[in-house]
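This briefing goes through a structure topic by topic. Please keep the sequence and the model in view while reading.

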Amino acid sequence: VIWGLYYAFWLLLERVLRLDQTAAHQSRWIHAFRVVLTLHIVMLGWIVFRISDLETLRQILNSIMRFDWRSPNLHAGTLAAIGLAYAYHLTPLSWKRRARLRFIRLSPWQQALLCIMAVLLFMRMTVDTVTPFIYFQF
C-alpha cells in the first residue's frame, strides 16, 4: 500500500506541475537532470517495496543520508561492474562500434579469453544465499 501511494504521489505531482508537457521544450541538461532524478525516485520506491517494516526503511534512509553504503554483497568487484555499466551506457555509439569491430578482428582464442574473463567477473559478483523470487511472497 505504501509503495502504491508513493508512486501515486509522484505521478500526481507530475500531472499537477504539468511536467509531462514541458519535457519536449527543455535543454539537454534539464532532461539529463530529470532522468537522473526519476531514476533515484524509482530506486527509492523499490527500497520501499522490499522493506518488511517502517523501522527498516528508517534505518536504510539514515544509512543513505550518512553515505554509509556498506552491504554484505557490495564489494569492490560489484562497484567496478556498476562503474563499467555506467561508462558503457554513457559511451558514444561510434566508440561501441569500433570496439565491436576490434573484438571481431581478434583471434578466436583472444575472444574466448575475453569471454571467460567476463564470466569470471559475473561469477565473482554473485552472493552466497538464494533470494526467493519477490512475488512468491504474495
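**Overall layout**

Read along the sequence, the protein chain follows the pattern α-α-α-α-α-α-α. It holds 7 helices and 0 strands, where helices (H or I, at least four residues) and strands (E, at least two) are DSSP runs numbered from the N terminus. This is a predicted model, in which local features need pLDDT of at least 70, side-chain atom pairs count only at pLDDT 80 or more, and totals for chains, interfaces and linings use all residues. Residues are numbered from 1 along each chain as its sequence is written, and side-chain values use heavy atoms, with hydrogens and water left out.

**Burial**

- Of the 138 residues of the protein chain, 10% count as buried.
- Buried means under 20% relative accessible area, exposed means over 50%, and partly exposed lies in between (1.4 Å probe, protein chains only).
- Accessible areas come from the Shrake-Rupley method with a 1.4 Å probe, and for residues only the protein chains shown count as cover.

**Nonpolar surface patch**

- F9, W10, L13, V16, L17 and L19 form a nonpolar patch on the surface, and together they have about 540 Å² of accessible area.
- Patches are made of residues with over 30% relative accessible area and no salt bridge; like charges are joined within 9 Å, and nonpolar side chains (Val, Leu, Ile, Met, Phe, Trp, Tyr) within 5 Å.
- Helix α1 (residues 2-16) gives the most to this patch, with 4 residues.
- V16 is found in helix α1, and V16 counts as exposed because its relative accessible area is 65%.

**Salt bridges**

- A search of the whole structure finds 2 salt bridges, each being a side-chain nitrogen of Lys or Arg within 4 Å of a carboxyl oxygen of Asp or Glu.
- E14 pairs with R15 in a salt bridge, with the closest N and O atoms 2.5 Å apart.
- E14 is partly exposed at 24% relative accessible area, and R15 is partly exposed at 48%.
- R58 pairs with E55 in a salt bridge, with the closest N and O atoms 2.6 Å apart.
- R58 and E55 both lie in helix α4 (residues 54-65), where they are 3 residues apart, about one turn of the helix.
- R58 is partly exposed at 42% relative accessible area, and E55 is partly exposed at 37%.

**Second largest pocket**

- The second largest pocket has a volume of about 630 Å³.
- On a 1 Å grid over the protein atoms alone, a pocket is an open set of points where a 1.4 Å probe fits, with protein on both sides within 12 Å along at least five of seven lines, and lining residues have an atom within 4 Å of a point.
- Its lining consists of 14 residues, of which Y88, A99, F103, L114 and A118 lie nearest the pocket centre.
- α5 (76-90), α6 (93-105) and α7 each supply at least two lining residues, and α7 gives the most, with 5 residues.
- By class, the lining has 12 nonpolar, no polar and 2 charged residues.

**Residue L121**

- L121 is found in helix α7 (residues 108-124).
- L121 counts as partly exposed because its relative accessibility is 33%.
- L121 and G77 are 44 residues apart in sequence, and their C-alpha atoms are 7.7 Å apart in space.

Key
Points joined across faces, edges and corners; volume = space filled by probe spheres on them. Nonpolar A, V, L, I, M, F, W, Y, C, P; charged D, E, K, R; others polar.
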